[in-house]
Amino acid sequence: MLATAIILFREVLEASLIIAIILGASKTIPNRGKWVAAGIGIGLAGASLVALFADQISSAFSGNGQPLFNSSILLLAVSMLGWHSIWMSQHSKKMTENIQVLGNNIQKGTKPPFALMIITLIAVMREGSEAVLFLWAISTGGAQYNTMITGGILGVMAGILSGILLYKGLLRLPIRHFFSITNAFILLLTAGLAAQAAGFLNQAGIVPSLGNQIWNSSRFLSQTSIPGQLMHILIGYTARPMGIQIVFYLLTLFILFSLTHLIKIHKNKT
Amino acid sequence: MFYHQAKKFSLIFLICSIFLTNIATAESVIEIKHQQFFPMKIVLPPGKKVKLTLKNNDAIPAEFESTDLSREIIVPGHDQVIVYVGPLDPGNYRFFNDFNRASKGTITVLTPSKRQ
């Protein structure tokens with residue numbers, strides 16, 4: 001039972017932490033809860049679909065279906081998070097000063113809530129599909145798996161609880177530093193997801209590895225341990241990274257930084 | 001006993017694939033049976049891309065994962081998937097089933113001199 005709880009906890013943790021971070025970072029956006037809730041709902045439906053078609057996905061593209069699918073949705077998440085981060089950094093100052101004006105702006109048509117929904121949807125769908133696939137297999141497997149189901153549900157609850165704790169923690173941040181801290185969280189998270197996408201692209205044979213193991217820090221922090229996995233989700237920690245993963249990581253940070261600054265320069269001129 | 005045969009088999013398989021076909025990719029098969037990998041230890045050639053076929057004989061899906069190799073892939077129940085690894089440097093690379101962490105295995109890539 002405990003083993004199943006841990007499996008499901010690990011599967012749910014990533015989605016849960018991502019949702020906590022974007023919910024925290026977007027706390028001044030009105031109706032964000034609804035968009036995120038919609039993302040979770042659609043994401044769960046999508047996860048069930050992905051689980052249902054797991055066989056077809058894995059045999060698609062001459063066996064490369066899974067890594068291609070994973071890398072595409074990760075890159076979509078990266079672009080949505082990037083958009084969100086750039087948008088937030090533009091508006092964060094206004095937000096701290098006048099939340100009401102911002103609310104009006106959003107209702108007039110700027111669209112980050114849509115990005116919020118897509119990010120949530122992807123996070124839930126990607127990790128959720130594995131959880132659904134696993135739970136489904138044990139729940140159709142007969143009485144021998146009954147305790148596993150209980151464990152699974154406990155694991156899911158523990159994963160969600162971790163997200164709630166992170167969210168509560170983020171809300172306690174002093175308002176003066178709130179947006180810079182949550183934006184840093186999002187930047188690192190985004191770069192980490194880009195590095196994960198690079199791993200899957202390499203797995204599918206689309207990009208070269210540029211060195212299989214640039215360093216090996218598994219002795220200090222194993223990626224399979226819970227702290228290692230937390231760091232993997234939050235900042236993209238990889239114990240034995242490929243060159244291409246480092247390239248994607250740094251490139252994402254560079255692009256997001258430059259875009260944010262270019263927009264600032266542009267705004268100052270006009 | 002089983003393990004030695006498996007090791008011998010994979011070595012023969014490996015040497016055959018290197019010397020007979022002499023192509024850029026090597027192949028290897030890992031099966032999952034009763035929540036265990038078989039073989040649990042495989043030996044792969046250095047500096048080659050390797051096509052790993054993962055075959056799941058159980059009804060429960062498995063997730064073949066290796067943080068050492070940066071690979072993770074779901075193997076649905078009674079199904080098989082393909083994953084490419086390498087070219088790899090000599091050394092040990094661990095893998096495990098993320099849906100059952102008790103089942104683990106190691107890929108060993110030998111140094112060229114040792115193999116001959």
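How many helices and strands make up the secondary structure of chain B? Chain B has 2 helices and 9 strands. The model described here is predicted.

## Confidence

The predictor assigns the complex an ipTM of 0.76 and a pTM of 0.82. For chain B, the average pLDDT is 82. A score of at least 70 is reached by 76% of the residues of chain B.

Helix H1 (residues 2-21) of chain B has the lowest mean pLDDT among the elements of that chain, at 58. Strand S2 (residues 36-38) of chain B has the highest, at 94. Over residues 18-23 of chain B, pLDDT stays under 50. The model has 2 contacts beyond four places in sequence for that stretch.

## Layout of chain B

From the N terminus, the elements of chain B run α-β-β-β-β-β-β-β-β-β-α. Chain B has 116 residues, and 39% of them are buried. Take the contacts in chain B with a separation of 6 or more: 60% of them come from residues 24 or more positions apart.

## The five-stranded sheet

Five strands of chain B form an open sheet in the order S3-S9-S8-S5-S6. The pairing is mixed. Strand S3 (41-44) and strand S6 (71-75) of chain B are the edge strands, each pairing on one side only. From one strand to the next, the twist averages 20°.

## The S5-S6 hairpin

Strand S5 (residues 62-66) of chain B runs antiparallel to S6(B), and 5 bridges join them. One pairing sets B:Ala62 with its bridge partner B:Val75 in S6(B). The two strands form a hairpin with 4 residues between them. In the turn, B:Ser70 has a positive phi of about 55°.

Why is S6(B) largely enclosed by the rest of the structure? The reason is burial: 5 of the 5 residues of S6(B) are buried, so the strand is largely enclosed. In a regular strand, side chains alternate between the two faces of the sheet. In S6(B), B:Arg71, B:Ile73 and B:Val75 point one way. B:Glu72 and B:Ile74 point the other way. Residues of both sets are buried, including the charged B:Arg71 and B:Glu72.

## Where the chains meet

Which residues bring the two chains together? On chain A, 21 residues are in contact with 20 residues of chain B. Helix H3 (54-63), helix H6 (112-139) and helix H8 (175-203) of chain A each give two or more residues to the side that touches chain B. H6(A) gives the most, with 5 residues. By class, this side of chain A has 8 nonpolar, 10 polar and 3 charged residues.

## A helix pair in chain A

H8(A) also packs against helix H1 (residues 2-25) of chain A. The angle is about 145°, and the axes are 9 Å apart. The crossing of H1(A) past H8(A) is left-handed.

From H1(A), the contact uses A:Ile18, A:Ile21, A:Gly24 and A:Ala25. From H8(A) come A:Thr182, A:Asn183, A:Phe185, A:Ile186 and A:Leu189. By class, 6 of these residues are nonpolar, 3 are polar and none is charged.

Terms used:
Residues are numbered from 1 along each chain as its sequence is written. Chains are lettered from A and ligands numbered from 1 in the order in which they are written. This is a predicted model: local features need pLDDT of at least 70, side-chain atom pairs count only at pLDDT 80 or more; totals for chains, interfaces and linings use all residues. A residue is buried if 20 or more other C-beta atoms lie within 10 Å of its own, exposed if 12 or fewer, and partly exposed in between; C-beta atoms are placed from the backbone. Two residues are in contact if their C-beta atoms, placed from the backbone, lie within 7 Å. Axes are lines fitted to C-alpha atoms, for helices over the stretch in contact, and angles run from 0 to 180 degrees between N-to-C directions. A crossing is left-handed if the near helix is turned anticlockwise from the far one by less than a right angle, and right-handed if clockwise. Two strands pair if DSSP finds at least two bridges between them. pLDDT is the predictor's confidence in each residue, from 0 to 100.
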